[in-house]
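Reader: I'm new to this one. Could you walk me through how to read a few of its features?
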Amino acid sequence: MLRNRCHTVLTFLGGALVTLLLIATSSWLTSDVQDIPKTRVMDRLEVLQSWPPQSEAIQQVLPPEDALTRMSRKDVSQIYHDYVATIQVPCKRTIRMGNSGDGGWDVCVDPPYSFHAPCLVYSFGISFDFSFDDDVANKYGCEVHSYDPSMKNVGDHSRGQQIYFHKTGLNSTDTINEDGWRMRTFSSILKENNHSSETIDVLKIDIETSELWALPEMLKSGSLRHVKQLCFEMHIKRGFQPEPNKEKYIFGLSIFRNLYEFGFRIFKTHKNMYPKYTSMFGMLRTGCHEIYMIRKVESILLVK
């Protein structure tokens with residue numbers, strides 16, 4: 001009889017102990033996710049991409065430049081590739097403008113980023129593919145200014161009622177380059193078109209590494225202050241170039257840091273695998289990312 005009672009008591013205590021352990025483990029796992037701070041230096045990317053809920057934004061803070069310089073090339077490269085792969089703010093509704101593949105771009109149409117006539121779009125890098133420009137003009141009635149200095153046998157002209165082509169390239173200075181192309185800064189281009197104080201609904205940039213020089217000038221001059229959406233290709237490496245060194249990664253991160261401080265947040269990112277390569281650190285990477293950004297509402301200087 002005594003033996004049976006002891007067995008019953010031990011069984012009860014054992015079950016209670018298992019239950020407590022399960023509750024403690026469950027609580028630890030839950031708090032581990034909930035306690036991840038919103039302001040972070042790049043880590044725990046696998047959780048970062050799925051948290052927080054869609055109604056919230058991620059405050060993604062990069063290490064300061066002096067800290068990056070003390071890191072290894074491998075660590076800096078990982079920070080860069082993690083950063084360009086992370087969604088910072090949700091956009092519940094995006095629409096593809098132009099081709100479904102190369103040449104097309106997504107736009108966010110969540111309020112207050114949705115647009116309708118009168119609206120203004122700038123498109124840099126055409127290469128005879130006007131699908132994005134045509135779609136924006138036809139669907140929304142936007143005035144579109146298309147720029148590309150590399151298109152042969154094509155001069156400045158109007159393409160229908162809403163699209164204006166300019167044989168001019170985007171650059172960090174106003175100059176004529178070694179190819180004889182007319183190059184202008186974004187602020188100079190806006191001034192030429194009397195758009196320096198106009199709201200720009202979408203700014204698209206696809207200019208094959210020239211964004212590395214153009215974007216810093218745009219940030220420095222403040223010519224992005226009226227831009228609501230910015231989509232661009234970021235080329236940290238072209239197909240024929242060697243793997244970026246630490247200094248180039250730090251330079252690329254400085255552009256993203258300045259865009260972030262200017263109010264721009266990534267709502268979509270896409271790897272362009274055309275310049276893919278196997279890193280010296282063992283992983284498959286690409287040197288080109290399509291970056292889609294919206295600017296925080298309180299940061300946009302809207303023109304009435």
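Author: Happy to. Let's start with aromatic rings: rings of Phe, Tyr and Trp pair if their centres lie within 6.5 Å. With that in hand, Y80, Y83, F232, Y249 and F256 form one aromatic cluster here. Keep in mind that this is a predicted model.

Reader: How many aromatic pairs does a search of the whole structure find?

Author: The search turns up 14 aromatic pairs. One of them is F115 with Y140, a tilted pair with 4.6 Å from centre to centre and 50° between the planes.

Reader: What do I look at to describe a pair like that?

Author: Two things: a pair of aromatic rings is described by the distance of the centres and the angle of the planes. As for where this pair sits, F115 is in the loop between β2 and β3 while Y140 is in helix α5, so the contact ties together parts that are 25 residues apart in sequence. F115 is buried at 4% relative accessibility, and Y140 counts as buried at 15%.

Reader: And why is the pair of Y122 and F124 stacked?

Author: Planes under 30 degrees apart count as stacked. The ring planes of Y122 and F124 are at 20°, with the centres 6.2 Å apart, so this pair is stacked. Y122 is buried with a relative accessible area of 0%, and F124 is buried too, with 1%.

Reader: Let's move to disulfides. How many does the structure hold?

Author: There are two disulfides. Counting bonded cysteines along the chain, they follow the pattern 1-2, 3-4. In one of them, C91 and C108 have their sulfur atoms 2.1 Å apart. That pair links distant parts of the chain, 17 residues apart: C91 is in the loop between α4 (73-83) and β1 (94-97), and C108 is in strand β2 (residues 105-108). Both C91 and C108 are buried.

Reader: Why is the disulfide of C91 and C108 right-handed?

Author: Look at the torsion about the S-S bond: for C91 and C108 this torsion is about 100°, so the disulfide is right-handed. Now try C119 and C142, which form a disulfide with sulfur atoms 2.0 Å apart. The torsion about their S-S bond is -100°, and the link is left-handed. C119 lies in the loop between β2 and β3 (120-124) and C142 in the loop between α5 (131-140) and β4 (143-147), so parts 23 residues apart in sequence are tied together.

Reader: Are C119 and C142 buried or exposed?

Author: Buried means under 20% relative accessible area. C119 has 6% relative accessibility, so C119 counts as buried, and C142 is buried at 0%.

Reader: What about sheets? How do strands hold on to each other?

Author: Strands of a sheet pair through backbone hydrogen bonds, either parallel or antiparallel. In this model, three strands make an open sheet in the order β7-β9-β8, with mixed pairing. The edge strands, β7 (169-170) and β8 (175-176), each pair on one side only. β7 pairs in the parallel sense with strand β9 (residues 182-184), over two bridges.

Notes
Residues are numbered from 1 along each chain as its sequence is written. This is a predicted model: local features need pLDDT of at least 70, side-chain atom pairs count only at pLDDT 80 or more; totals for chains, interfaces and linings use all residues. Side-chain values use heavy atoms; hydrogens and water are left out. A disulfide is a pair of cysteine sulfur atoms within 2.5 Å. Helices (H or I, at least four residues) and strands (E, at least two) are DSSP runs, numbered from the N terminus. Buried means under 20% relative accessible area, exposed over 50%, partly exposed in between (1.4 Å probe, protein chains only). Two strands pair if DSSP finds at least two bridges between them. Rings of Phe, Tyr and Trp (its six-membered ring) pair if their centres lie within 6.5 Å; planes under 30 degrees apart count as stacked, over 60 as edge-to-face and the rest as tilted.
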